Amino acid sequence: MSKQTHAFQAEVAQLLHLVTHSLYSNREIFLRELISNASDACDKLRFEALNNNGLYEDAPDLQVRLSFDQAAKTLTITDNGIGMTAQEAIDHLGTIAKSGTKDFVSKLSGDQKSDAQLIGQFGVGFYSGFIVAEKITVETRRAGTAAAEGVRWISGGTGDFEVETITRAERGTSVILHLREEAMEYANTWKLKEIVGKYADHISLPILMEKEEWQDGELIDPSNEEAGRKPGGMLKTGEWETINKASALWTRPKKDISDEQYADFYKQISRDFEAPLTWTHNRVEGSTEYTQLLYIPGKAPQDLWNRDKKAGIKLYVKRVFIMDEAEALMPSYLRFVKGVVDSADLPLNVSRELLQESRDVKAIREGCTKRVLSMLEDLAKHDKAPESTDGVTDVLSEEDKAKLGQYSKFYAEFGAVLKEGLGEDFGNQARLSKLLRFASSTHDTVSVSFADYKARMKEGQDAIYYITADTLAAAKNSPQLEVFKKKGIEVLLMTDRVDEWALNFVNEFDGTPLQSVAKGAFDLGKLQDEEEKKAAEDAAETFKPVLAKLKEALKDKAEDVRVTSRLVDSPACLVVTDDGMSMQLARMLKQAGQQAPEVKPVLEVNPEHALVKKLDGSVHFHDLAHILFDQALLAEGGLPADPAAYVKRVNALLS
Ligand code: ADP
């Protein structure tokens, strides 16, 4: 076939016009696109050769070679993959076949600046070459055809391209980029190595470059060898070396990967110096195919609390790196997870915007979430050595032994973030609830699960009791806990800032309601005996006049004043209504500079307490009333509205 000229499909011409007339912030993506095409071509050859081994000809090692010629201003990407026939070159390099690219082209607005940015972001496959090249020559031969059936395709990236037959000994494709003057930086070994390291380290295909060696130049003084030589420069040696790692760890079978290799890979992708706590590695098949390699770090990063922090997942499509921090692949409450997702279905030119909408991505996100939760459930299950029920202790396997204490470790670092999931991921709420751990009035360490608590509940107890406070000490010594201690009822102590918010979304565990001991009227239900109830009712009756006076004195501070039997040693405490915001949360919001409703608590007094008994008829009634209120506020971690007035009142009484 002698030289023929063909016109580009209209959409290609439109696209090329934009590509050639714009400058790009990340124009280096052209290399990613071309290497990825080369890699696809090798994959195709591998596949076809399954039925026709002859296609390998005498070159069974599939590879990509990068080379450049500074004098000729060319950069060449050569693969020994499937290659193209003349017709294929005309069809594939003259039209846009892929629907993704078509959609993309239809989105172009015609505004050069914004379109340029879009192209840079998406990459447009083969045509990306024109970002850096003023002319592209493709020389190719389809595997299995005769050397004389090679093809040369040439285009300046305007309206048309030329094709002619050539003789090409080796199968596969060379894409020769005739670099623009301002793109000459790509005719450089270091630059190319850098880009390959960034985008193609995990392509399993070796990418080769010719080794360069430093050569000394001619003698400075021909009559005196001692004077040394002029600098010669880097010279090609004719030896080729692989410049990418050429092995995507996650594509290898699990059994071939050592723990050390897994840990090394984690360190490489996370820039963490410490080993990960654990990981999960799976190939997921079905309607959406992908491989996931997900790690839980051993330590929380400094900025864990930043909810804007990006996810730690790198997205690959068929081993080609697409993007870092693919937040669409992992919910925010699992933002500490690091790893890689390699999808077989997503298009290479997928953008963050497209990710948000993709159904495949949704499936991947759900799959990854479930995997992480299973991994945590497994750690939680093996956190403690099982207690023996029959006096015989089980001998733990090495694997289980390694898991001892791991969940506690995880929880100490990331437990509070995990709790965000209660409000963020309703579908997994039940699973998340089971993963929660708390300290309690009977267990100082953060180790009590709702299930542990339920198993220890008293006969007749029908709620899981908890208290939220700023610190463990404040929670433990809170007046609201007194009667629970007296009766030996366990109360969960919640001291993470997120607890109050997160518990808004959880009303019960496994059929048992959660009840804050600082909210609502005191009611222990069946745990209170008749005698106690009667005494409380009597006290309420006798205290009526005092309560009325207290209410009047504290009308600006307290919503209501009532007697309670929840107190043992303290004279008074503050509670809020059942569905009201706790005072602690209100304070937290205020500190964070956010709008918080004014919370007016209920003052509850202990009719058995000497100070309360003294109220009736006291000449200091007004001062005592305010001291009672302010002390109750202090006890639960708040500050009196007027601290100086409080001090004055106490001092007056003391003296
Ligand atoms: P995509 O690769 O996303 O389909 P491109 O515009 O990059 O889109 O390439 C169009 C087509 O050209 C490819 O689908 C492939 O058939 C062919 N092609 C491109 N590069 C090569 C190559 N190095 N070897 C063989 N075929 C190629």
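Q: Which residues lie nearest the centre of the largest cavity, and how many residues line that cavity?

A: I467, T468, Q480, A518 and E636 lie nearest the centre, and the lining has 20 residues. This is a predicted model, where local features need pLDDT of at least 70, side-chain atom pairs count only at pLDDT 80 or more, and totals for chains, interfaces and linings use all residues. Residues are numbered from 1 along each chain as its sequence is written, and side-chain values use heavy atoms, with hydrogens and water left out.

Q: Why is this space called a cavity?

A: On a 1 Å grid over the protein atoms alone, a cavity is a set of points where a 1.4 Å probe fits but cannot get out, and lining residues have an atom within 4 Å of a point. The search of the whole structure finds two cavities of 30 Å³ or more.

Q: What makes ten residues in the lining of the largest cavity nonpolar?

A: Ala, Val, Leu, Ile, Met, Phe, Trp, Tyr, Cys and Pro count as nonpolar, Asp, Glu, Lys and Arg as charged, and the others, Gly among them, as polar. By these classes, the lining has ten nonpolar, six polar and four charged residues.

Q: Which residues line the second largest cavity?

A: They are L66, S67, F68, T189, M209, E210, E212 and K236. About 40 Å³ of space lies in this cavity.

Conventions
On a 1 Å grid over the protein atoms alone, a cavity is a set of points where a 1.4 Å probe fits but cannot get out, and a pocket is an open set with protein on both sides within 12 Å along at least five of seven lines; lining residues have an atom within 4 Å of a point. Grid points are joined across faces, edges and corners, and a volume is the space filled by probe spheres set on the points.
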